[in-house]
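Here is a short tour of a protein model, written for someone who likes the cut-offs spelled out. Have the structure open as you read.

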Amino acid sequence: ELARALRSDSKKQGNWGEMILGNLLQASGLTEGRDYVVQAGTEDGEGRRLIPDVVVNLPGNRAVIVDSKVSLTAFTAYVAADDAEEQKRMLREHVASVRRHVKELSQKRYDKVVKNSIGYVLMFIPGEAPYVAAVSADERLTADAYAQRVILLNPTNLLMALQLAYNLWQSEMQSRSVGEIYTSAERLYKKFTLFAQNFVQIGRGIRQLSDVYERSEKQLTTGRGNIISQLEGWKKKGLTPPADIPDALM
């Protein structure tokens, strides 16, 4: 029943292709909402609403569009055909269907309307056999698609491309971590130099204060002709002060 639906119902074919695309995205290690966005609507210069299947974000504020295009109707007829001529006819129709999808994607100009796009759209054909049949039957297919800024990918190649994006993000995150560590160390070093300058100034102030204290102590208690010895001399001459000088200063 599923096979019949996929052969005859283009809507179900599209849903099936998007499901396969979603599975590959999950398998790649990328995170939805951060590394890629599903069916993010945008508008072209003429006000048309365009909804690419997936926009994959890349380091450096770049993006690549992935759009699933299923061509199964003619392909399944080609596989099921018993007559050689019918097989050839269905294979030509299959190739023509793929070319129509390429032209359709090219005319949408996703590369122009999606901000920071790399300039090419990845057209995903969700099936190894349909992809191989098309590119084998038409040697110019991939080159002609590329000339229209469309890159044809089967599941294996798309998964490799998505994993490359994942690895790029891992490298970017590591670089950011190193950069953040360097920035933090730089800030800490700057704070330390300011602290060291203040510490040196405090030391100088303490030494200056100590020098002043020693000079004052000599003037007060230990130096020749100090103030306390003179006051004590007045006591010996009969002066009766209202309070005694602290013992610590004697």
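Tyr146 has 46% relative accessibility, so it counts as partly exposed (buried is under 20% relative accessible area, exposed is over 50%, and partly exposed is in between, with a 1.4 Å probe and protein chains only). This is a predicted model, so local features need pLDDT of at least 70 and side-chain atom pairs count only at pLDDT 80 or more, while totals for chains, interfaces and linings use all residues. Residues are numbered from 1 along each chain as its sequence is written, and side-chain values use heavy atoms, with hydrogens and water left out.

How many aromatic pairs are there? The count comes to two, where rings of Phe, Tyr and Trp (its six-membered ring) pair if their centres lie within 6.5 Å, with planes under 30 degrees apart called stacked, over 60 edge-to-face and the rest tilted. Phe75 with Tyr78 is a tilted pair, at 6.0 Å centre to centre and 45 degrees between the planes. Both sit in helix H3, three residues apart, or about one turn of the helix (helices, H or I with at least four residues, and strands, E with at least two, are DSSP runs numbered from the N terminus). Phe75 is buried at 11% relative accessibility, and Tyr78 is partly exposed at 23%.

Tyr120 and Tyr146 make a stacked pair, 4.8 Å centre to centre with 20 degrees between the planes. Tyr120 belongs to strand E6 (residues 117-124) and Tyr146 to helix H7 (residues 141-147), so this pair ties together parts that are 26 residues apart in sequence. Tyr120 itself is buried, at 18% relative accessibility.

## Ile118 on strand E6

Strand E6 also holds Ile118, which is partly exposed at 35% relative accessibility. Leaving aside residues up to four places away in sequence, Ile118 touches Leu58, Arg62, Ala63 and Val64 (contact means heavy atoms within 4.5 Å). Ile118 and Leu58 are 60 residues apart in sequence, yet 9.4 Å apart in space, C-alpha to C-alpha.

## Asp67 on strand E5

Is Asp67 buried or exposed? This strand E5 residue is buried, with a relative accessible area of 3%. Its side chain reaches the backbone nitrogen of Asp53 at 3.0 Å. Not counting residues up to four places away in sequence, Asp67 touches a set of residues including Ile51, Pro52, Leu105, Tyr110 and Phe124.

## Pocket and cavity

Rolling a probe the size of a water molecule over the atoms shows where empty space is left. On a 1 Å grid over the protein atoms alone, a cavity is a set of points where a 1.4 Å probe fits but cannot get out, and a pocket is an open set with protein on both sides within 12 Å along at least five of seven lines; lining residues have an atom within 4 Å of a point. Points join across faces, edges and corners, and a volume is the space filled by probe spheres set on them.

The largest pocket has about 410 Å³ of space. Of its 23 lining residues, Ser10, Gly14, Ser68, Lys69 and Val70 are the closest to the centre. Helix H2 (10-28) gives the most to this lining, six residues. By class the lining splits into five nonpolar, ten polar and eight charged residues (Ala, Val, Leu, Ile, Met, Phe, Trp, Tyr, Cys and Pro are nonpolar, Asp, Glu, Lys and Arg charged, and the others, Gly among them, polar).

The whole structure has one cavity of 30 Å³ or more. Its lining consists of Leu105, Ser106, Arg109, Asp111, Val121, Gln148, Arg149 and Val150.

Notes: Polar contact = N/O pair within 3.5 Å; in protein donor to acceptor, adjacent residues only side chain to side chain.
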